[in-house]
Amino acid sequence: MEDDDILDTAEGPQPRPQSLMLTFFGNHVLEEGDLGVYSGSIIDVLGRVGVGEQAVRSTLTRMVNRGLLQRQREGRKMFFGLTPQAGRVLIDGRTRIWKQGAVNDDWDGSWTLLGFSLPDSWKRQRHDLRSRLTWSGFGALYSGLWIAPGHVDVSRVVTDLGLTAHVKIFHAQAAEVTDIEQMICDTWDLESIAARYVAFDKRWSAHLGNGTDHDPIATRLRLVSDWLRTIRTDPRLPASHLPPSWPARPAQETFHRVAQQTHPALTAARATLETTHLRS
């Protein structure tokens, strides 16, 4: 997911169709293996969150062209499934959401450092690398030196981007002279990260108080998309070096409470999807 996958409006963050599409496949397809979903079923589900048919169709085409989806025709119908590349992205997202969580209580004191030097003309490569590093928990310590807490394996990211010859990766611990709290404040925008958690908690705590949910399938899709947006720029900094009132913990608790309420919607939604097994 990249920065331009989110529209910030007066009504709050509005995920772009591609972000919602990835969330849809993560919710309903990732665990099912080589499964293709009929475009009409995708149009129906995304329509529940305000994405029109034309936007769905153009997004599907764009994602096929980007190597994120594969398509297969069955008679007059077109089915779409995940490519290995998209599967890796979604598995990483699943790990971030359901296994790692937003609170890092078990930091071992290590850091991963990544240095790179790219030609000035490689603007797209630089943008892609920075976006992927941000998602992987890195922040810019200096312009060409990025750092992340813990032992982070970004070798596949570098390889996928074709930048192996331009990147160097190290694992190290900070010397005692280093002020870790100050380094964290200099490297990451803690105020912005905290504000996202506070806003998420406020939005979804209010939802919990509503008492009814007329469309849990749509709620689940919006919930996971919103949570992914919220944690996307959070490097999971060690809790021991963050303010005691760090808002990630209550926001995560709210996320899990709403997720538990909407979990039955996954089964209900899958039962309505028209699918087929994709050929190798």
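Glu-274 and Lys-77 join their side chains in a salt bridge, 2.9 Å from N to O; the term means a side-chain nitrogen of Lys or Arg within 4 Å of a carboxyl oxygen of Asp or Glu. This pair ties together distant parts of the chain, with Glu-274 in the loop between α10 (248-272) and β10 (275-277) and Lys-77 in strand β5 (residues 77-82), 197 residues apart. Please keep in mind that this is a predicted model, where local features need pLDDT of at least 70, side-chain atom pairs count only at pLDDT 80 or more, and totals for chains, interfaces and linings use all residues. Residues are numbered from 1 along each chain as its sequence is written, and side-chain values use heavy atoms, leaving out hydrogens and water.

- Asp-105 pairs with Arg-249 in a salt bridge, with the closest N and O atoms 3.3 Å apart.
- That pair also links distant parts of the chain, from the loop between α4 and β6 to helix α10, 144 residues apart.

**Around Asp-108**
- Asp-108 sits in the loop between α4 (84-100) and β6 (110-116); helices (H or I, at least four residues) and strands (E, at least two) are DSSP runs, numbered from the N terminus.
- Asp-108 counts as exposed because its relative accessibility is 54% (buried is under 20% relative accessible area, exposed over 50%, partly exposed in between, with a 1.4 Å probe and protein chains only).
- Leaving aside neighbours within four places in sequence, Asp-108 is in contact with Gly-150 and Gln-173 (heavy atoms within 4.5 Å).
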